[in-house]
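User: I've got a model open and want to go through a few spots with you. Can we take them one by one?

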Amino acid sequence: MLLFSTDIDGTVYDSDESAQLFATFWESLQGGQSSPLLVYNTGRSIEDTIELIKRTPLPEPDYIIGGVGTKIIDFRHDVAIDNWDLVLSENWDFDKVRETVRNHCPSLEPQPDECQNPHKCSWFWHDKSAEEITGLREALEAAGLETQVVYSSDRDLDILPRKANKGNAIAWLAGRLEIPLDEIVVAGDSGNDLSMFLVGKCNGIVVSNAEAALLDVASKRNTFVSSLPCAAGVVEGIQILTSSTSPSSNETQEGKKPRDLYFVHISIHGLIRGDNLELGRDADTGGQCKYVLELVKAMAEHEQVGQVDLFTRRVIDSKVSPDYAVPVEALGNGAFIKRIKAGPRRYLRKEALWRYLDSFIDQSLALFRANGRLPDIIHAHYADAGYVGSRLASLLGCPFVFTGHSLGRSKLERLLENATDKGGVERRYNLSARIEAEELSLDTAVMVCTSTHQEVEKQYSVYEFYAPERMKVIPPGVDVSRFSPPGTAPVPDEVVGKIERFLDDPDRPVVISIARADEKKNLASLVRAFGESETLRNRANLIIVAGNRDRISDLNPGARKVWTELLQLIDDYDLYGCISIPKHHAPDEIPAFYRYAASKEGIFVNPALMEPFGLTIIEAAASGLPVLATNDGGPRDILGNCENGELIDPVDVPALTEKLERAVGDSDLWKQWSEAGLKGVNQHYTWKGHVDRYLEEASDLLVDISQPNLITEKIRTSLPLKDRIMFCGLENELLDGDEAAIARIRELTNANQPTLGFGIVTGRSIEMARELVEKHGLPEPDVYVTQLGAEIHYGKRLIVDEPWEKHLAHRWEPEAIMKALESVDGLAIQPETGRQHQFKISYDYVKGVAPRRKEIQKLLRENNLPVKVILSEGHLLDVIPLRSGKGQAIRYITMRWGIPADRVLFYARRGSDYEALSGQFLGVLGSDHCLELKSTTSLPRVYLAQSPNFMGLLEGIEAYHFDGDIQIPESARGLQAETSENQEAVLSPDMVVHNNDEE
């Protein structure tokens with residue numbers, strides 16, 4: 001891209017926030033001779049555009065094309081380009097145009113003088129049809145005028161010279177600047193932008209808020225249609241169109257085709273960007289972020305893979321880099337980071353993210369829908385992403401792969417060993433939710449990707465859904481190109497200075513550790529082991545690289561505690577002069593720290609209490625640096641493969657001291673371990689080897705994918721015409737006031753046809769639901785979701801969604817379920833008629849006799865039966881497929897038919913409604929809602945009605961202004977994440993129902 005031509009209003013500007021987003025991104029493209037030119041191509045006048053630039057964060061352009069292509073100025077030199085005026089003046093007569101328009105339509109209202117110019121005659125003309133516009137064109141032609149008529153936004157009429165439009169203007173300017181047309185990218189949102197998209201072979205970006213005219217042309221041109229509005233969509237489009245692989249192109253530069261494998265990796269927490277990872281910034285930005293990023297890049301290089309997306313959370317926060325606000329970041333070779341909006345804009349620690357995960361799901365579905373392609377495999381990393389990935393995979397019918405990285409049950413056991421406030425542990429770390437999310441992930445996953453056999457045998461084995469046959473040990477890779485053996489590359493003077501400024505005798509051998517300032521990294525034990533030895537204090541130096549710090553008091557509480565303890569130990573052992581604790585380092589300096597240690601015949605120590613992966617150990621080995629590492633986790637396998645050091649007990653300080661004394665200064669042993677490590681890394685831990693093994697293990701997962709068809713045509717039902725839809729359940733009898741409420745609801749749906757849809761969601765059969773709809777005089781439903789999501793029917797003819805039924809059959813074994821529950825006390829199978837279904841098994845539940853719902857869920861999991869167990873009204877228990885449920889069915893419908901999640905209103909009263917009261921849906925709780933839903937009242941987008949039954953539904957419709965310009969009432973904004981630790985622990989309803997047995 002050498003030139004970017006963009007409309008302003010509705011494209012890069014609709015608020016100062018969007019202008020700032022675009023400005024930040026555009027600034028990142030500047031620097032060097034290849035910086036693209038920026039052209040604002042707008043319907044505004046030149047003067048108005050300049051004033052807008054002055055008072056908003058919009059970046060200064062190189063050129064402005066104003067008045068819908070009628071004026072061009074060189075903004076940098078403040079010079080009008082008059083040659084373009086000469087081109088437009090040919091066969092143009094402004095006064096005759098104005099006279100002809102007035103004669104043809106006397107009621108037309110001229111736009112203000114500032115909107116006019118000698119080559120632009122503008123009017124207000126509201127809601128006109130194509131026939132009326134054609135009539136005006138014919139009148140102008142009959143008057144002998146060579147003009148063009150541009151009508152946009154159902155209001156603005158511009159009459160221009162034949163050659164005057166945004167497209168001709170930018171093509172003329174590109175010719176003047178000697179820029180090829182295929183090096184132009186254009187962006188817009190309205191009808192008067194259309195001509196830009198017809199210029200030669202330029203690439204186009206259509207933002208999600210665009211008018212239908214532009215969306216129509218997108219399917220016929222080399223145009224990217226963003227799922228995001230305004231500036232966010234523009235940024236996404238530029239990232240994709242200027243990357244080496246564009247999803248909109250038929251062939252990539254490397255010959256891959258769009259139908260090659262499409263993988264989506266999900267890693268939600270922490271701060272992730274393509275370069276200069278801020279490893280060690282906090283407890284959430286560590287080895288997992290690096291592993292996932294490098295895995296995505298490596299997968300994209302494989303010949304079988306067409307595209308790899310890494311979904312993470314979008315963060316717009318002045319306390320972190322603006323890089324994390326960019327919606328799409330291209331990594332090359334068809335790999336992208338796509339940042340999903342979920343929850344507040346600010347950066348949150350992972351324990352505070354749980355109640356925003358359903359929103360992450362809904363936003364991800366919208367992105368898939370906009371891109372028009374569903375993933376072949378979804379791979380989630382850590383428990384939070386596992387919850388999201390398992391739900392997405394269940395909805396989309398694609399295989400789900402899970403990597404736990406570090407597991408909640410192991411962490412809980414360690415934290416409780418020394419905890420005096422067990423409740424405080426739960427409030428801070430939210431471990432019950434994390435463990436349940438891990439169980440749900442294992443429940444859904446067709447493959448669990450682990451790095452070591454120890455993970456499988458010791459960590460995953462304590463989970464209810466432990467299935468070793470689905471667990472594949474695939475050692476992680478490392479980008480060995482960044483690391484080099486001793487003597488092959490110099491150590492920069494800046495790194496040497498950062499280390500040696502602390503040391504009295506820099507020539508000594510070193511002991512080095514590189515880790516986050518986190519208690520579980522156990523750096524204090526290493527300092528104790530070093531300090532306890534007079535030999536080490538006199539013969540070696542200790543280097544601790546534990547993140548960056550300016551003032552310890554400014555660090556997060558965990559890091560502050562670690563550094564306070566380390567400084568106290570340094571003082572207690574009087575280690576001044578033999579310990580180096582650099583305050584700052586850049587990510588690309590880490591290899592140099594390893595090389596420095598190797599040049600001193602040093603030893604790398606990983607003393608972590610538990611190390612899931614051990615990437616630093618692999619990096620050390622790739623640098624020829626021997627290792628002493630914890631015996632809990634990944635190091636067992638790494639040292640077993642590389643034979644480049646010894647395992648240690650991380651809590652046995654005297655034993656660690658002894659091993660350090662033996663290793664430091666033994667040149668023969670050092671050389672043996674160094675050479676073995678270099679050989680072992682290249683044999684076992686390259687990214688190419690990791691990806692080859694990964695794809696080999698995943699090859700069988702792609703056989704039986706049952707992805708839903710995305711409906712794009714207006715066929716079979718009216719749903720594709722719907723702009724929004726409301727869902728509610730059914731009751732046998734009406735209450736006082738319900739008849740009037742139903743009449744009002746019927747009036748609203750009739751008045752807003754065909755844009756406002758109505759749906760029924762119930763645990764009843766379709767026959768029973770139909771009877772109640774007719775009995776109560778409800779509006780004719782566009783869709784029925786019956787039997788708790790087991791069936792979906794459309795319209796009056798009750799057309800069955802057959803793909804949904806096929807979708808639910810996956811791993812559903814009703815006979816095995818009934819056999820597992822047949823001897824459980826307090827459960828009695830309900831009568832067949834109207835209650836049972838091929839995808840729902842219903843029981844009467846006797847409270848106090850039957851086990852708790854959670855125990856029943858556990859029993860079925862232990863029998864390898866992936867299902868949902870739902871308890872309603874304290875006495876009705878239903879077992880349904882893992883892919884089923886009211887919330888899942890609604891998400892499936894809205895995604896398949898293209899109805900935005902934030903235009904779905906769901907009225908809830910029963911326990912089986914809980915999973916739909918989350919995410920982007922607009923939730924309403926009737927005042928008669930059951931006990932199972934009590935925790936949902938504090939969730940975002942849940943409005944608590946003061947009325948029951950259908951009166952409560954009507955109240956919710958009116959509170960959200962659902963029949964007009966939708967608004968979120970203040971009472972439905974939920975608890976703010978920053979309010980308190982307890983409130984941050986609020987979970988999504990799905991997590992609550994699986995953790996809480998007060999049912």
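User: Which side chain does the side chain of Tyr 347 make a polar contact with?

Analyst: This is a predicted model, so local features need pLDDT of at least 70, side-chain atom pairs count only at pLDDT 80 or more, and totals for chains, interfaces and linings use all residues. Residues are numbered from 1 along each chain as its sequence is written, and side-chain values use heavy atoms, with hydrogens and water left out. A polar contact is a pair of N or O atoms within 3.5 Å; within protein, one must be able to donate a hydrogen and the other to accept it, and residues adjacent in sequence count only if both atoms are side-chain atoms. At 2.7 Å, the partner of Tyr 347 is the side chain of Asp 282.

User: Is Tyr 347 buried or exposed?

Analyst: Tyr 347 sits in the loop between β16 (335-340) and α10 (357-371); helices (H or I, at least four residues) and strands (E, at least two) are DSSP runs, numbered from the N terminus. Buried means under 20% relative accessible area, exposed over 50%, partly exposed in between (1.4 Å probe, protein chains only). Because its relative accessibility is 16%, Tyr 347 counts as buried.

User: How far apart in space are Tyr 347 and Asp 317?

Analyst: Asp 317 is among the residues in contact with Tyr 347, where contact means heavy atoms within 4.5 Å. The two are 30 residues apart in sequence, yet C-alpha to C-alpha the spacing is 6.4 Å.

Technical notes: Lists of a residue's contacts leave out its neighbours within four places in sequence.
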